[in-house]
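The following note sets out, point by point, what a colleague may wish to check against the coordinates.

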Amino acid sequence: MKVICEKVDPSNPEVEETLIELQRACLPHDALYFPEEGVWWIAYHRRTPVAFACLVPSQQIADAVYLSRSGVTPLARGGGIQRRLIRARLTWAKRQGYNWAVSDTTDNEPSANNLITCGFRLYTPPVPYSFARALYWKRKL
């Protein structure tokens, strides 16, 4: 599936509504999430939003970003869209002067595999900040 990934402004009401719809479609059991410092992307297929991703400054590492949330609609899964969104966020972060990217996964093998494919490796943070079964990921930019 051919997609275009665009950095978007969540303060725009139309964009915010699209991000709400995407979060509900991709992560139906999760609460909506809009961090104050979040930088967001939406992936479009033929002008239809099919995925989203967010990035925030890491609270654990001063010169790192945290890949905080990402989702692909069920019909668009399996086409590499999440990897494209990871790469878009890493490119943006590097241009902003960040040196590291971190993330975590819990019981999510596809996301873990996408992070590995994009160069992330397991690490142990100084202070674990997620669920007990979480895997923590880190990559040099």
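1. Strands S2 and S3 pair in the antiparallel sense, with seven bridges between them. In this predicted model, the two strands form a hairpin with two residues between them. Arg-46 lies in that turn and has a positive phi of about 50°. Within the pairing, Tyr-44 stands opposite Pro-49 of S3.

2. On its other pairing, S2 is joined to S1 by five bridges, and these two strands also run antiparallel. Val-8 has Trp-40 in S2 as its bridge partner. Because six of the seven residues of S2 are buried, this strand is largely enclosed by the rest of the structure.

3. S6 pairs with S7 (residues 135-140) in the antiparallel sense over two bridges, and Leu-122 has Trp-137 in S7 as its bridge partner.

4. The 14 residues of H1 reach 20 Å from the first C-alpha to the last, close to the 20 Å expected at 1.5 Å a residue. At the start of H1, a side-chain oxygen of Asn-12 comes to within 2.8 Å of the backbone nitrogen of Glu-14.

5. Which residues of H1 are buried? They are Val-15, Thr-18, Leu-19, Ile-20, Leu-22, Gln-23 and Cys-26. The buried residues of this helix pack against S1, S2, S3 and S4.

6. Helix H2 (residues 81-95) has 15 residues, which should span 21 Å at 1.5 Å a residue; its end C-alpha atoms are 21 Å apart, so the two values agree. Its buried residues are Ile-81, Gln-82, Leu-85, Ile-86, Arg-89, Leu-90 and Ala-93. Gly-97 follows H2 and has a positive phi, near 95°.

7. Arg-95 also belongs to H2. Is this residue, Arg-95, buried or exposed? Arg-95 counts as exposed because its relative accessible area is 71%, and the threshold for exposure is over 50%. Arg-95 and Leu-141 are 46 residues apart in sequence, while their C-alpha atoms are 9.7 Å apart in space.

8. In soluble globular proteins, nonpolar side chains tend to be buried together. The largest nonpolar core of this model has 24 residues, and Leu-67, Ile-81 and Phe-120 have the most contacts inside it. S2, S3, S4, H2 and H3 are the elements that give two or more residues to this core. The largest share, five residues, comes from H2. Apart from this core lies another, of 17 residues, among them Leu-22, Cys-26, Ile-42 and Tyr-123.

9. What does Ile-81 touch, not counting residues up to four places away in sequence? The residues are Met-1, Val-3, Ala-43, Val-50, Ala-51, Val-72 and Ala-76. As noted above, Ile-81 is among the buried residues of H2.

10. Ser-103 is found in strand S5 (residues 100-105). With a relative accessibility of 5%, Ser-103 counts as buried, because the threshold is under 20%. A polar atom of the Ser-103 side chain lies 2.9 Å from the backbone oxygen of Leu-67. Leaving aside neighbours within four places in sequence, Ser-103 is in contact with Tyr-66, Leu-67, Leu-115, Tyr-129, Leu-135, Tyr-136 and Trp-137.

11. Thr-73 is placed in the loop between S4 and H2. Not counting residues up to four places away in sequence, Thr-73 touches Leu-22, Ala-25, Cys-26 and Val-50.

Methods:
Residues are numbered from 1 along each chain as its sequence is written. This is a predicted model: local features need pLDDT of at least 70, side-chain atom pairs count only at pLDDT 80 or more; totals for chains, interfaces and linings use all residues. Side-chain values use heavy atoms; hydrogens and water are left out. Helices (H or I, at least four residues) and strands (E, at least two) are DSSP runs, numbered from the N terminus. Buried means under 20% relative accessible area, exposed over 50%, partly exposed in between (1.4 Å probe, protein chains only). A polar contact is a pair of N or O atoms within 3.5 Å; within protein, one must be able to donate a hydrogen and the other to accept it, and residues adjacent in sequence count only if both atoms are side-chain atoms. Contact means heavy atoms within 4.5 Å. The expected span of a helix is 1.5 Å times one less than its number of residues. Two strands pair if DSSP finds at least two bridges between them. A nonpolar core is a set of buried Ala, Val, Leu, Ile, Met, Phe, Trp, Tyr and Cys residues joined through side-chain atoms within 4.5 Å.
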